[in-house]
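Please keep the sequence and the model at hand while reading the points.

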Amino acid sequence: ADIFLAARERPRVRERDHVTGRVAEGESALQRVLVRASDPGGLISVFAGETPQPSDEDWAGPFPPARAGAVAAGGDTRTREETDRRNVLQLGGELIGSVERALSAASGGEFAADFRDARAELSARFPFLASLAACVEEVGGESRLARSVEVEDFVAGVCEALRLVVERASAREGGGGVRREVARELAALEGRRPRALARFRFTQQLERIAGLRWT
């Protein structure tokens, strides 16, 4: 989760579940964050004057060599690779959440079952899809993509699974409503995170997931 604090403003909170892809904001999200952080092993890191999602502001090239990156509270230094793995996991969660919201809005959806079936079907090509929870490692209180999973494979596997989910939901619905709603959600995500999506090569997959062009 990210908590944004500024003088004379109410705290702004964004909470992401990397397993389900759900994104929540507001007072209830803040309460959940504080409860988790007070449990054994919970951690709050404080950053002054830094963006919580540096990939949106910084690097333009695809997957540069690892080198020293952002400096966190307490003097800990993240390598570029570590920061990349944190950001690509966040983006994957946001992408999954966007498709889930779209299917729920368009048809009530059977996202969980369809996503599970799609991952099982693709697990021979992308073994990590058998358990997305196994893709996550916790280091220093941060979640990031496990080192056992290649970033390129994670992006390709998650996007292909979501494409299958949308294809099956659209076939059940028998119309273009599902695809249009997915396209709307993904276009909104692209508008929020353009540089990060491009950097990790999600962008070229978005229209393929939706099955519609919007640019």
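1. The model under discussion is predicted. The protein contains 7 helices and 7 strands. Read from the N terminus, the order of these elements is β-β-β-α-β-β-α-α-β-β-α-α-α-α.

2. Burial and contacts along the chain. Of the 215 residues in the protein, 42% are buried. Among the contacts between residues at least 6 apart in sequence, 63% join residues at least 24 apart.

3. The pair α3 and α4. In general, two packed helices are described by the angle between their axes and the distance between the axes. Helix α3 covers residues 111-122 and helix α4 covers residues 151-173; they pack at an angle of about 130 degrees, and their axes lie 9 Å apart. At this angle, α3 is oblique to α4. The crossing of the two helices is right-handed.

4. Residues between α3 and α4. On the α3 side, the contact involves F111, D114, F115, D117, A118, R119, E121 and L122, which meet G157, E160, A161, L162, L164, V165, R168 and R172 of α4. Sorted by class, the contact of α3 with α4 comprises 8 nonpolar, 1 polar and 7 charged residues.

5. The pair α2 and α5. Helix α2 (residues 80-107) packs with helix α5 (residues 177-192) at an angle of about 145 degrees, the axes being 8 Å apart. The crossing of α2 and α5 is right-handed. From α2 the contact draws on E94, L95, S98, V99, R101, A102, L103, A105, A106 and S107, and from α5 on G177, V178, E181, V182, E185, L186, L189 and R192. By class, the contact of α2 with α5 has 10 nonpolar, 3 polar and 5 charged residues.

6. Salt bridges as a whole. How many salt bridges does a search of the whole structure find? The search returns 19. One group of residues, namely E81, E82, R85, E137, R144 and R147, is linked in a network of salt bridges.

7. A bridge between two strands. R14 and D2 form a salt bridge in which the closest N and O atoms are 3.9 Å apart. This pair links distant parts of the chain, 12 residues apart, since R14 belongs to strand β2 (residues 12-16) and D2 to strand β1 (residues 2-4). D2 has a relative accessibility of 8% and therefore counts as buried.

8. Because R163 and E160 are 3 residues apart in helix α4, about one helical turn separates them. E160 is also among the α4 residues that meet α3.

9. E181 and R184 form a salt bridge, with 2.7 Å between the closest N and O atoms. They are 3 residues apart in helix α5, so about one helical turn lies between them. E181 counts as buried because its relative accessibility is 18%, whereas R184, with a relative accessible area of 47%, is partly exposed. E181 is also one of the α5 residues in the contact with α2.

How values were computed:
Residues are numbered from 1 along each chain as its sequence is written. This is a predicted model: local features need pLDDT of at least 70, side-chain atom pairs count only at pLDDT 80 or more; totals for chains, interfaces and linings use all residues. Side-chain values use heavy atoms; hydrogens and water are left out. Axes are lines fitted to C-alpha atoms, for helices over the stretch in contact, and angles run from 0 to 180 degrees between N-to-C directions. Helices (H or I, at least four residues) and strands (E, at least two) are DSSP runs, numbered from the N terminus. Angles under 35 degrees count as roughly parallel, over 145 as roughly antiparallel, 65 to 115 as roughly perpendicular and the rest as oblique. A crossing is left-handed if the near helix is turned anticlockwise from the far one by less than a right angle, and right-handed if clockwise. Contact means heavy atoms within 4.5 Å. Ala, Val, Leu, Ile, Met, Phe, Trp, Tyr, Cys and Pro count as nonpolar, Asp, Glu, Lys and Arg as charged, and the others, Gly among them, as polar. A salt bridge is a side-chain nitrogen of Lys or Arg within 4 Å of a carboxyl oxygen of Asp or Glu. Buried means under 20% relative accessible area, exposed over 50%, partly exposed in between (1.4 Å probe, protein chains only).
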